[in-house]
Amino acid sequence: MKILAGRLLVLGAPMLFIGCATVGPPQPPSLDLPRPPTDLRALRQGDRVTLTWTVPTVTTDRQTARNLGPTLICRGLSALKECGTPIGRTPSRLSSASRKSGQKITDSYLDTLTPDMQNDPASFVSYAVQVLNPEGRAAGISNQVRVSLARTLPPPADFRARLTSRGVVLSWNSEIPAGQAQPGVHYEVRVYRRALDGGGQAVVGDAPASGQQSLTDTTIEWEKTYEYRAATVTVIDQAAKPAIEVEGNDTPAVKVFADDTFPPAVPSDLQAVFSGPGQKPFIDLVWAPVTDIDLSGYNVYRSEDGTSPVKLNSEPLKTPAYKDSDVISGKHYLYSVTSVDVRGNESARSEPAGEAVP
């Protein structure tokens, strides 16, 4: 048998190579502590304080919160370091369906301030919330919000709304009760409007809280229905800082349907001038323009020899001028003009202007 030099012949089963994965240190189990809310908000009106916040869906170790316990409502007359004795609680708002949807979940709580708390306009109450896990443990309190403890006044009396051609006139009577005046504090009446066919709430304006007052809402849209309400606002002046405002309770809502049955203004300064030599005779009419925002145009009327006025144009004129070419020599004509809005309301006739055709 010959042995081949420089060659190695390996017979048998193929070689098997086995690798080993590196195992990291074991991870501690999740404490399942809900992350404290950071967007707590407070809105005070009268003696009611409404708190709202976003329900946490993750834990402090960035895990998805499987379950939540109740949320404690915390309140104190100074800055809160911990919840202490809660004034209330809300049940868990987290469910398997809400977790799957991925939508933001909000929660709220309504607190009522007692009369003895509402005395000092320089004092505040602090609020926070604390979300517990099912075992009753928490990672701490939320962000804190402060609410003024200034006393609020009742809403203005005899609040009314009246529709006019200029808009909705709102009127009321507001008197500061005896003994309520305080240094550095003044009171205003704020009027709100809401369209019933959608859209948010808008401020119509403010007026001093002193006796009979009124505001006119000139920003309405015709043929819409609106609700109006008013509240007395306590304004606390602060040196070098924005004033603090605390709103009292609302008046009952007053509903108004803005039905436009009001004609536009009557045209004025009508002039009639004859032109004829060298051309077909005609009478030029010009007048001062009407400035109503819903103006559609003008109508021109003519009469002669004591006859009833007849409208000369078939469609409203868009400009304050008209050329009457249908005139006859020897006649005297008397003209008047009206304005028309987009809903067909027509004004009274203007002062007449006459002109003769030689």
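Reply: Strands (E, at least two residues) are DSSP runs, numbered from the N terminus. This is a predicted model: local features need pLDDT of at least 70, side-chain atom pairs count only at pLDDT 80 or more, and totals for chains, interfaces and linings use all residues. Residues are numbered from 1 along each chain as its sequence is written, and side-chain values use heavy atoms, with hydrogens and water left out.

Now the terms for space. The search uses a 1 Å grid over the protein atoms alone. A cavity is a set of points where a 1.4 Å probe fits but cannot get out. A pocket is an open set with protein on both sides within 12 Å along at least five of seven lines. Lining residues have an atom within 4 Å of a point. Grid points are joined across faces, edges and corners, and a volume is the space filled by probe spheres set on the points.

Start with the second largest pocket. It holds about 240 Å³ of space. Its lining has 14 residues, and the closest to its centre are Leu 43, Arg 44, Gln 45, Glu 245 and Glu 247. Three strands each supply at least two lining residues: E1 (41-45), E7 (145-148) and E14 (241-250). By class, this lining has seven nonpolar, two polar and five charged residues. Here Ala, Val, Leu, Ile, Met, Phe, Trp, Tyr, Cys and Pro count as nonpolar, Asp, Glu, Lys and Arg as charged, and the others, Gly among them, as polar.

Next, the largest pocket. Its volume is about 300 Å³. It is lined by 16 residues, of which Ser 165, Arg 166, Trp 222, Asp 292 and Asp 294 are the closest to its centre. The lining of the largest pocket divides into seven nonpolar, four polar and five charged residues.

The structure holds one cavity of 30 Å³ or more. The largest cavity has a volume of about 40 Å³. Its lining includes Trp 53, Val 55 and Pro 56. Leu 68, Gly 69 and Thr 71 also line this cavity. So do Pro 91, Ser 92 and Arg 93, together with Asp 107 and Val 131. By class, the cavity lining has six nonpolar, three polar and two charged residues.

Key
Helices (H or I, at least four residues) and strands (E, at least two) are DSSP runs, numbered from the N terminus.
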